[in-house]
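Biologist: Could we go through the side-chain contacts in this one together?
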Amino acid sequence: MKTASQRIEVHFKEAMNLAEQIRLMADEVINIARRDIPAFGTITKRGWNSQCADSLVKREMEIGSLLEEEGDELKKLAGEIEEQAREMYLAEAVNTTLAATRIY
């Protein structure tokens, strides 16, 4: 059976791993927004020259911008998860130490 400090360590590592996964996902979303969506617009403009194509490319760029913003929000979320995990880890470590040294 795991001790309290081992459980705290496991939960901390899980939270940090989750934050890293979210950060990687955010990077992927931002790369799609910056690289792939403008490439689609270029391909569209090459093969289709009309007012509808202009509207479509404009909308794709707007979607790319929104995706980039969402990627940034995901990065902020990952940072918040890491910060809270550290705070909780420190608080639990202090509580465990106090509980171990408490005299009744």
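Predicted model: local features only at pLDDT ≥ 70, side-chain atom pairs only at ≥ 80, totals over all residues.

Biologist: Which residue does arginine 35 form a salt bridge with?
Modeller: Its partner is aspartate 36, and the closest N and O atoms are 3.0 Å apart. Aspartate 36 is partly exposed, at 24% relative accessibility.

Biologist: How many salt bridges are there by this rule?
Modeller: The count comes to eight. Among them is the one between aspartate 27 and lysine 75, with the closest N and O atoms 2.9 Å apart. That pair links distant parts of the chain, since aspartate 27 is in helix 1 and lysine 75 in helix 2, 48 residues apart.

Biologist: Is aspartate 27 exposed or partly exposed?
Modeller: Aspartate 27 counts as partly exposed at 29%, and lysine 75 is partly exposed at 33%.

Biologist: What about glutamate 68?
Modeller: Glutamate 68 forms a salt bridge with arginine 34, the closest N and O atoms being 2.8 Å apart. Glutamate 68 lies in helix 2 and arginine 34 in helix 1, 34 residues apart. Glutamate 68 is partly exposed at 24%, whereas arginine 34 is exposed at 53%.

Biologist: Changing topic, how many aromatic pairs does the search find?
Modeller: The search of the whole structure finds one. Phenylalanine 12 and tyrosine 89 form a tilted pair, 4.7 Å centre to centre with 40° between the planes.

Biologist: Where do phenylalanine 12 and tyrosine 89 lie?
Modeller: Phenylalanine 12 is in helix 1 (residues 4-47) and tyrosine 89 in helix 2 (residues 51-101), so the pair ties together parts 77 residues apart in sequence. Phenylalanine 12 counts as buried at 19%, while tyrosine 89 is partly exposed at 28%.

Terms used:
Residues numbered from 1 in each chain as written. Heavy atoms only, no water. Phe/Tyr/Trp six-rings, centres within 6.5 Å; stacked < 30°, edge-to-face > 60°. Helix = DSSP H or I, 4+ residues; strand = E, 2+ residues; numbered from the N terminus. Buried < 20%, exposed > 50% of the residue type's maximum accessible area, 1.4 Å probe, protein only. Salt bridge = Lys/Arg side-chain N within 4 Å of Asp/Glu carboxyl O.
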